[in-house]
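Let's take a walk through this structure together. Have a look at the picture first, and then we'll go through it piece by piece.

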Amino acid sequence: MYQYNENDQTLIDERVAQFRRQTERFLKGELSADQFRPLRLRNGLYIQTHAPMLRIAGPYGLLNSKQFRKLAHIARKYDKNFCHFTTRQNIQFNWPKLEEAPDILAELASVQMHAIQTSGNCMRNTTTDHLAGVCIDEIEDPRPYCEIIRQWTTLHPEFDYLPRKFKIAVSGSQRDRAATQFHDIGVHLVKNAENELGFRILVGGGLGRTPIIGQVIKPYLEKRYLLSYLEAILRIYNLFGRRDNMYKARIKILVKETGLDKFTAMVEKEWQLIKDSNELSESRIETIKAFFAPPAYASDAAEDTTFAQHKTNNPAFATWCKHNLAEHKVAGYQAVFLSLKAPGSPPGDITDTQLDAVADLADQYSFGQIRITHRQNLVLADVKQQDLFSLWQYLSAINLATPNINTVADMICCPGLDYCSLANASSISVAKEISETVDDLDYLYDIGELKINISGCMNGCAHQSVGHIGILGVDKNGSEWYQLTLGGSSENEAAIGDRLGPAIAKDQVTKAITTILDVYIKQRHTNESFLQMVNRVGITPFKEQVYADH
Amino acid sequence: MQIIKDKQLIANNWRYINEDVDLQPGDITVSVDKWKKNKQQLLDHAGKIGLRLRPSDSTDEIAEDLDKMQLIELDFPALADGRLFSHAWLLRRRHHYQGEIRATGHFLPDQVYYLARVGVNAFNPEKAQDLPAILIGLNDFSVTYQPSIN
C-alpha cells in the first residue's frame with residue numbers, strides 16, 4: 001500500500017497545526033460558528049445530535065494493522081469504545097469532544113491518516129473496489145490511480161469551495177463493486193480497440209434526494225490525461241454549478257439541466273486548453289504502482305489439502321466459506337469478508353477490542369492489510385486457504401464470522417436518528433428488528449443475494465434508492481414512517497428502485513419486508529434472484545400483498 | 001486601512017466606486033457593469049483603474065480589457081463561494097494577467113493560502129484585526145500536491 005514520504009507527512013502535520021489554530025480561535029470566540037463550520041467540516045467534524053462526529057478518511061478503503069490499532073486507541077481514549085464504517089469506506093467516531101479533535105487528528109497523522117475533506121463542499125475521499133488487486137475479473141488494479149487522485153484532490157486550491165460535495169469512485173474490474181455509476185465522477189479502467197489501457201469517464205451520477213445514474217462523458221481517455229480531464233470537469237462545475245439552492249447544487253443537476261451534450265462540449269473545450277499542461281507521466285504512474293505490487297504470495301499455497309478436510313468435517317466452517325469468501329486471483333488464496341452485521345449489533349460498527357484483534361489477524365494472515373467495503377464490512381484480502389480454518393475460529397471468537405455476506409442480514413444502514421442531526425427517523429432499530437426476524441440462516445440462504453439499504457432521511461447516506469429493497473425514513477407529523485422501494489442496484493445493471501406505495505408505520509416495516517420475501521419465495525423461477533424477479537414482474541405482486549390489509 | 005500585498009503590510013490607495021456614485025480622482029475600481037457603461041470616461045480618468053469582480057462575472061468578458069487594469073479585486077459575498085478561486089486561476093493562466101489580484105470582502109484568513117496558490121497576491125479583509133492572521137495563513141503549508149499558479 002502507499003507509504004507517505006516526507007512531503008506527505010509534512011502536509012498532514014501542517015494540516016493538524018492549522019486545524020489546532022482554527023479550533024483555538026473558535027473556542028476563544030475569534031471565529032463565529034458560521035465561519036468555523038466550513039473549516040471544521042473540511043477536517044471531518046460534524047455537529048451531531050449528542051456530540052461532534054468525526055469522519056476519518058479510509059483512502060480507497062485500504063488500511064494497515066498499525067492504523068487499525070490507532071483507531072482502537074482513539075475509540076478507547078476519546079470515544080465510547082467503538083467506531084463505525086461508512087458506505088464510502090470512511091471511519092466515523094460518534095462521541096469525540098470538539099476541543100480534543102486536534103489531538104485525535106495528531107494521533108492519526110502519526111500513522112499516516114487524516115480527516116481532510118471527509119465532509120464539506122469539496123472533493124471527498126476517492127473510493128474503489130474492496131477486492132482491488134486480488135479479484136479475478138480485474139482489468140487493472142485501480143488503487144494506484146486512486147492514490148494519484150487522492151493526492152491531486154487533497155488541498156486542491158481551486159476546488160475546495162465547490163457548490164456542493166464531490167465524490168469520485170474508480171473501478172478496475174468488469175463487475176462494478178464501487179457504485180461508480182452513482183458518483184459525481186466514475187472512473188473505469190478500460191481497454192480501447194488497440195488493446196491499450198485507459199479510462200472511461202462517467203459524470204453526474206449521485207444518490208440523495210434526486211438519484212441519477214451517471215452518464216459516459218468520455219468513452220476512452222488516455223492515462224496521461226486523467227488529471228487534466230478531472231480538472232476540466234471540476235472547473236466547469238465550480239464555475240457553473242448552482243449555488244442558489246443546496247438541493248440542486250450537485251453536478252448531476254448541472255449535467256441534467258445543461259444536457260449531457262452541451263456539458264460535454266463545455267468540458268472538452270476547457271480540457272483542450274489545459275490537457276498538455278498537467279500530464280500524468282508514465283514514470284509517475286509506475287512509481288505509485290510500485291506501492292501496490294502484489295505481496296509475496298506462497299507458490300505452494302494451492303497444494304494444501306487441510307482446507308477441504310476442514311470443510312468436510314465442520315459444516316459451520318463450510319457454511320462460512322460458502323458465504324464469506326471471495327475468489328482470489330492467486331491459486332490457494334482467498335479474500336475473506338469479516339461481517340460487521342452480527343445479529344443485534346448496529347451495521348458497520350466495530351469495538352476497540354475487535355479493531356485490535358482484526359489488526360493482529362491481518363498481521364498474522366493477510367500481510368497486515370485490511371479493507372473497508374462499501375457495504376460496511378471488512379475484508380482480509382490475501383489469506384492462504386490453509387489458514388482459513390484458524391482464522392475462522394479466531395473471527396468466531398470475536399463475533400466477526402457471521403456467515404451472512406450478501407444476504408438479507410447484510411444491510412447497509414446509516415446512523416439515523418440515534419446519532420445524526422439530519423435524520424427524520426431511526427434506521428439502526430429498523431435494521432435490528434429485521435435482522436432479528438430473519439435470523440434463521442437457512443431462510444436467509446434460501447432467499448439468496450438480496451441487498452437491503454436503510455437510510456434515516458432523504459440524504460440517503462445508506463444508498464436506499466439503489467437497494468434491492470430500499471427503506472427510507474420519513475417524518476410524518478413527528479412520527480417515524482418508512483418509504484419502501486424495490487429493484488434498485490448500484491452494480492453494472494444500475495437502477496433506481498421503484499416506490500412500492502405510501503410510507504408505512506415503523507411497527508409495520510418488518511412485516512412488510514417478510515411479506516415481500518414471501519412473495520419472492522412463492523413466485524420466483526428456479527435460480528432467479530430477487531432482483532431478477534423484480535425486474536421480471538415489476539412491483540405489483542409485492543405491492544398487492546404488502547398493502548393487502550390497508 | 002492597511003492591506004497585505006506580496007506578503008507585506010502596505011497602505012491601501014485604492015477606492016471602490018459604487019454603481020450610483022460619480023467617478024472620483026485617484027486609483028479606483030469599478031464593477032464590470034460600470035466599466036462597460038463608462039469605458040471612455042474611465043480611460044480618461046486621472047489615476048489608475050481596476051475592476052471589482054463578483055463570483056457571477058465571467059473573466060472571458062473582460063479578457064480584452066485586462067491590459068488597461070492595474071488591479072482586479074475579487075469580491076467575496078460569502079466565504080464559501082468558490083467561483084472566485086477559478087476566476088483568479090483563469091486571470092493568471094488563461095488571460096495572462098500580470099497585475100495585482102486582490103481578495104476583498106468575506107473571505108477568511110484560513111483561505112488565503114489557497115487564494116495565493118491560484119494567483120491572488122493581495123488581501124483586503126473585512127476586519128483589520130485579521131491582517132496578522134492572514135500573514136500566518138499564507139504560510140499554512142510548505143508542500144503541495146498539485147500544480148496551480150503558485
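**A sheet to start with**

Five strands of chain A form an open sheet in the order 1-2-5-4-13, and the pairing is antiparallel. Strands here are DSSP runs of E with at least two residues, helices are runs of H or I with at least four, and both are numbered from the N terminus. Two strands pair if DSSP finds at least two bridges between them. Strand 1 (45-47) and strand 13 (349-351) of chain A sit at the edges with a single partner strand each, so one side of each is left without a neighbour in the sheet. From one strand to the next, the twist averages 30°.

Before we go on, a word about what you're looking at. This is a predicted model: local features need pLDDT of at least 70, side-chain atom pairs count only at pLDDT 80 or more, and totals for chains, interfaces and linings use all residues. Residues are numbered from 1 along each chain as its sequence is written, while chains are lettered from A and ligands numbered from 1 in the order in which they are written.

Back in the sheet, strand 4 (residues 82-85) and strand 5 (residues 91-93) of chain A run antiparallel and are joined by two bridges. A:His84 has A:Gln92 in strand 5 as its bridge partner. Helix 12 (residues 352-365) of chain A packs on the sheet, where it touches strand 4 and strand 13, and its direction makes about 85° with that of strand 13. Such angles run from 0 to 180 degrees between N-to-C directions, with axes fitted as lines to C-alpha atoms, for helices over the stretch in contact. Two residues are in contact if their C-beta atoms, placed from the backbone, lie within 7 Å.

Now move along chain A to strand 19. Strand 18 and strand 19 of chain A form a hairpin with two residues between them, and A:Asn477 in the turn has a positive phi of about 50°. Eight bridges join this antiparallel pair. What stands opposite A:Trp481 in strand 21 of chain A? That is A:Ala505, while A:Val474 stands opposite A:Trp481 on the strand 18 side of the hairpin. Strand 19 also runs antiparallel to strand 20 (residues 498-499) of chain A, with two bridges between them. One bridge pair there is A:Thr485 with A:Arg499. Strand 19 of chain A is mostly covered, as six of its eight residues are buried; buried means that 20 or more other C-beta atoms lie within 10 Å of a residue's own, with C-beta atoms placed from the backbone.

Helix 14 (residues 428-437) of chain A has its own buried residues: A:Ile428, A:Val430, A:Ala431, A:Ile434 and A:Ser435. Seen down the helix axis, they fall within an arc of 160°, so they line one face of helix 14 of chain A. The arc is that of the directions from the helix axis to the C-beta atoms. Those buried residues pack against several elements of chain A, including strand 18 (469-476), strand 19 (479-486) and helix 16 (509-523).

Stepping back, chain A has 18 helices and 21 strands, and buried residues make up 55% of its 550 residues.

Finally, there's the contact between the chains, which takes 22 residues from chain B and 27 residues from chain A. The largest share of chain B's side, five residues, comes from helix 4 of chain B.

Methods
Buried ≥ 20, exposed ≤ 12 C-beta atoms within 10 Å, placed from the backbone.
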